[in-house]
Amino acid sequence: MKRISLFVDAAAPVRGADGSAGHPFPTLEVARDALRRRRASGAIPRGVPVDVLVREGVYRLKRPLSFDARDGGAAEAPVTWRAAGAGMPVVTGGIDLTTGWEESEVDGLACWRRPMPEARGPHGVRFTQLFVGGARRFR
């Protein structure tokens, strides 16, 4: 039985994305939703195995990525999500803090400071961990 491959690439543009190798989907959510639509329309029949190949890159989630019965396959026709080739995609809910830092002073000591507008308000980000260069740091 022929397998269908859909591609995801964090660096891909939204415009023109169709899930092909040359025009991959830009996010995991877009790929999931496109697969759901294609299954519902019959463009990808339920009995056909599907591989969702996620290329190397950082995939930032603003909310949890949820799957349900529409997203599953069957023993003879599974839906498999995996890294494309030897790539190492990273799926994270973390916020990128690599920019926006400024030198400052706290209690007479030099430090670096970064405004966090993402953390303001009643539904702001609750910040409990900080990693620098892959190592956990005190915040």
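This is a predicted model: local features need pLDDT of at least 70, side-chain atom pairs count only at pLDDT 80 or more; totals for chains, interfaces and linings use all residues.
A salt bridge here is a side-chain nitrogen of Lys or Arg within 4 Å of a carboxyl oxygen of Asp or Glu.

Residues are numbered from 1 along each chain as its sequence is written, and side-chain values use heavy atoms, with hydrogens and water left out.

R39 sits in helix α1, residues 28-41. Helices (H or I, at least four residues) and strands (E, at least two) are DSSP runs, numbered from the N terminus. R39 is buried but has no salt bridge, and D71, the nearest side chain of opposite charge, is 7.7 Å away. Buried means under 20% relative accessible area, exposed means over 50%, and partly exposed lies in between, using a 1.4 Å probe and protein chains only. For charge, Lys and Arg count as positive and Asp and Glu as negative, while His and the chain ends are not counted.

R82 belongs to strand β4. This residue counts as partly exposed because its relative accessibility is 41%. Its C-alpha atom is separated by 5.4 Å from that of L53, 29 residues apart along the chain.

| Residue | In contact with |
|---|---|
| R39 | I44, P45, R46, V48, V50, G72 and V79 |
| R82 | D51, V52, L53 and V54 |
| V8 | P24, F25, P26, T27, L28, A31, V52, L53, V54, R55 and Y59 |

**The sheet**

Now for the strands: 3 of them form an open sheet in the order β1-β2-β4, with parallel pairing. At the edges are β1 (4-8) and β4, each pairing on one side only. Neighbouring strands of this sheet are turned by 20° against each other on average, direction ignored; axes are lines fitted to C-alpha atoms, for helices over the stretch in contact, and angles run from 0 to 180 degrees between N-to-C directions. Two strands pair if DSSP finds at least two bridges between them, and β1 is joined to β2 (residues 50-54) by 5 bridges.

**The core**

A nonpolar core is a set of buried Ala, Val, Leu, Ile, Met, Phe, Trp, Tyr and Cys residues joined through side-chain atoms within 4.5 Å. The largest one has 13 residues, of which V8, L35, V50 and V52 touch the most other members. Two or more residues come from each of β1, α1 and β2, and α1 gives the most, with 4 residues.

Conventions. Contact means heavy atoms within 4.5 Å. Lists of a residue's contacts leave out its neighbours within four places in sequence.
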